[in-house]
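Subject: Structure for you to look at

Dear colleague,

My notes on what was found in it follow.

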Amino acid sequence: MKIGESIATLAQYGVACHGWNRSVGKLRSGILRRQERDMRAQAAWVRAHSRFYARWSGGSEAAAWREWPIVDRATLMANFEEWNTAGLSLAVAEEAAQSGVTLRGGLVAGMSSGTSGRGRGIFVTNGPERRTWAGTVLARVLPRAPWGSQRVALFLRANNALYEATARSRGLRFEFFPIDGPGEEVISRLEQYAPTVIAAPPRVLARLAKDFHGPDPERVIAVAETLDPIERGLIAARFGEPVHEIYQATEGFLGATCPHGTMHLNEDNVIVEKAWLDRDAGRFVPVVTDIRRRTQPVVRLRLDDVLVDATGPCSCGSGFASIARVEGRLDDVWIFPPADGSPGWRPVFAEEIREVFQREARGVDHRARQVAPDRVEVILDTISPVRPDLTAALVRLIEDRGGRRPVIAYLPGQLDHPPHEKLRRLTRAFPTPSDALNVQSVER
């Protein structure tokens, strides 16, 4: 990274730190007022430059963005050329993402993994947007200021210019490691590097907890996958500190854990509305609006993640909204016909299922997939007597949620999976019916 870009990234780091510091002890009302002020200007710009949003915006007031329709990624991708403000076709953006070529105006394209059931997403960023991303990441995840000597190890599926925006500054060093394995050679290189921060998918961190013998890092950060209780306890015990998390999607850097271990949304950059699935349990789907992003504006984009709202303010004092956990995706939710024969479906959420496996098959790795409304298939990493108790507990959970009792089948199989794919222990193999997961309301 050039010196000028490095300085600009550090400047954005300062801006992000200022935003966080301002949130500490600040009333929610003040944060919300600032968001509304910034979004008024952003909405006016988006209306003028994105043909997609211009046709939906309606009216003349930029503040009316809350009346714009909620969209999903598939809709935006289907209208890619009208959506982005750089005049890029989807074919050009895809080619740039695959080749790593920088486009005119310093634009860089990347591609999501496509494991969410929504297909691959293409994201395009300009230089200022990358520096905003990088500065915010540094401010939220580093244990101390980046001008001290810090060595960050990143385990990624692929590197690109978005990540490289953080890669060099005075006293801050990044090294990229492959996630396949990691084998003995990679672990040896990591030990020689002696990172102060390790950021990796939970399954990689779990492997390092067993095989890494270098100095303990100051911070361990789980990225890219849902942090399962199996890995959380193992990693925290090995490295002697709570596991931190980053909530990152194709649509942006949405949240990170604070020093107290609470996940906070990055409300200096994004507005998150809550599409409630189960208000009593605090479960919602985030509807995201980005206050800064302009190459691909994001206004009222519904993600397919399931988040659980925090029950109270964090002890760190930040006024930024906090969430208890990122529970998984909508297509991790199992759905069953009602036991009483009434219309509709009865959902069973991923965290409820994880709790059953944690209790009845503690320490046993597994994969569980609902393959049909009346059938669940399970693969266990052991031949053990947990099956009857696990079966009974799963059936009891489903029936307690009002679902019809399914067949629980145990299959032989390997738990290994391709390293370029995200680890998902709980999945559903059939599409979500339109009436299965109804949103109760959408609100701040």
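Helix 9 and helix 10 are roughly perpendicular to each other, a label that applies to angles of 65 to 115 degrees, with under 35 counting as roughly parallel, over 145 as roughly antiparallel and the rest as oblique. Please keep in mind that this is a predicted model, in which local features need pLDDT of at least 70 and side-chain atom pairs count only at pLDDT 80 or more, whereas totals for chains, interfaces and linings use all residues. Residues are numbered from 1 along each chain as its sequence is written, and side-chain values use heavy atoms, with hydrogens and water left out.

The two helices pack at an angle of about 75°, their axes being 12 Å apart, and helix 10 covers residues 202-211; the axes are lines fitted to C-alpha atoms, for helices over the stretch in contact, and the angles run from 0 to 180 degrees between N-to-C directions. Helices (H or I, at least four residues) and strands (E, at least two) are DSSP runs, numbered from the N terminus. On the helix 9 side I187, L190 and E191 meet R207, L208 and D211 of helix 10, where contact means heavy atoms within 4.5 Å. By class, this contact of helix 9 with helix 10 has three nonpolar, no polar and three charged residues, with Ala, Val, Leu, Ile, Met, Phe, Trp, Tyr, Cys and Pro counted as nonpolar, Asp, Glu, Lys and Arg as charged, and the others, Gly among them, as polar.

Turning to the aromatic residues, rings of Phe, Tyr and Trp (its six-membered ring) pair if their centres lie within 6.5 Å, and planes under 30 degrees apart count as stacked, over 60 as edge-to-face and the rest as tilted. By this rule the count comes to six aromatic pairs. The rings of F155 and F177 are stacked, because their centres are 5.2 Å apart and their planes are at 20°. This pair links distant parts of the chain, since F155 belongs to strand 3 (residues 150-156) and F177 to strand 5 (residues 172-178), 22 residues apart. Both F155 and F177 are buried, which here means under 20% relative accessible area, with exposed over 50% and partly exposed in between (1.4 Å probe, protein chains only).

F177 also forms a tilted aromatic pair with Y193, at 6.1 Å centre to centre and 50° between the planes. With F177 in strand 5 and Y193 in helix 9 (residues 184-193), the pair ties together parts that are 16 residues apart in sequence. The relative accessible area of F177 is 2%, and Y193 counts as buried at 7%. Elsewhere, ring pairs link F52, Y53 and W68 into a cluster.

Finally, T226 lies in the loop between strand 7 (219-222) and helix 11 (229-239) and is partly exposed, with a relative accessible area of 28%. T226 and E327 are 101 residues apart in sequence but 6.9 Å apart in space, C-alpha to C-alpha.
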